[in-house]
Amino acid sequence: QVQLVESGGGLVQAGGSLRLSCAASGRTSSSYAMGWFRQAPGKEREFVAAISWSATNTYYTDSVNGRFTISRDNIKNMVYLQMNSLKPEDPAVYYCASDRTIASILRGPDYWGQGTQVTVSS
């Protein structure tokens with residue numbers, strides 16, 4: 001099994017920046033693709049970004065492309081989501097996710113973290 005723990009959420013004013021972290025552990029976590037999803041009140045959970053195990057491939061949803069950056073450190077088993085130019089529509093609970101490939105994450109990840117709250121003030 002893979003265990004994922006998110007951190008780094010908080011309250012940020014519009015236009016500000018925040019970095020989310022996800023610590024991964026488990027028998028296969030070191031070779032898994034990683035990703036981020038988010039869920040705002042009254043909305044379905046949506047995909048945000050994903051990164052392959054080697055970090056050679058990344059994929060972003062259009063609404064965050066150019067503002068958010070996903071990265072990973074396989075030595076530390078950490079995944080990050082750098083969020084810049086935050087907008088009032090960005091606040092949500094952000095979830096770390098993991099599966100074998102980016103395509104698998106897009107289809108529905110096998111593993112989820114508990115989420116971390118991001119709030120943007122306007």
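## Basis

Residues are numbered from 1 along each chain as its sequence is written, and side-chain values use heavy atoms, without hydrogens and water. Because the model is predicted, local features need pLDDT of at least 70 and side-chain atom pairs count only at pLDDT 80 or more, while totals for chains, interfaces and linings use all residues.

## Disulfide

A search of the whole structure finds 1 disulfide (a pair of cysteine sulfur atoms within 2.5 Å). C22 and C96 form this disulfide, with their sulfur atoms 2.1 Å apart. C22 belongs to strand 3 and C96 to strand 9, so the pair ties together parts that are 74 residues apart in sequence. Strands here are DSSP runs of E with at least two residues, numbered from the N terminus.

The torsion about the S-S bond is about -85 degrees, so the disulfide is left-handed. C22 has a relative accessibility of 0% and counts as buried; C96 is also buried, at 0%. Buried means under 20% relative accessible area, exposed over 50% and partly exposed in between, with a 1.4 Å probe and protein chains only.

## Nonpolar cores

The largest nonpolar core has 27 residues, and those with the most contacts inside it are W36, L81, M83 and Y94. Strands that each supply at least two residues of this core include strand 1 (2–7), strand 4 (33–39), strand 5 (46–51) and strand 11 (116–121). Strand 3 gives the most, with 4 residues. A second, separate core of 7 residues includes A33, F47, I102 and I105. A nonpolar core is a set of buried Ala, Val, Leu, Ile, Met, Phe, Trp, Tyr and Cys residues joined through side-chain atoms within 4.5 Å.

Leaving aside neighbours within four places in sequence, Y94 is in contact (heavy atoms within 4.5 Å) with residues including W36, L81 and M83. Among the other contacts of Y94 are E6, L20, R38, F68 and V118.

## Strand 8 and its partners

Strand 3 and strand 8 run antiparallel and are joined by 6 bridges, and R19 stands opposite Q82 in strand 8. Strand 7 and strand 8 also run antiparallel, with 6 bridges between them; here S71 stands opposite Y80 in strand 8. Two strands pair if DSSP finds at least two bridges between them.

The hairpin of strand 7 and strand 8 has 4 residues between the strands, and N77 takes a positive phi near 55 degrees in this hairpin.

The whole structure holds 5 aromatic pairs. Y95 and W112 form an edge-to-face pair, 6.3 Å centre to centre with 90 degrees between the planes. The pair links distant parts of the chain, with Y95 in strand 9 (residues 92–99) and W112 in strand 10 (residues 111–112), 17 residues apart. Rings of Phe, Tyr and Trp (its six-membered ring) pair if their centres lie within 6.5 Å; planes under 30 degrees apart count as stacked, over 60 as edge-to-face and the rest as tilted. Y95 is buried, with a relative accessible area of 13%, whereas W112 is partly exposed at 31%.

Y95 and W112 form one aromatic cluster together with F37, F47 and Y59. The charged end of R45 sits over the ring of Y95, 3.8 Å from its centre, and over the ring of W112, 4.5 Å from its centre. A charge sits over a ring if NZ of Lys or CZ of Arg is within 6 Å of the ring centre and within 35 degrees of the ring normal.
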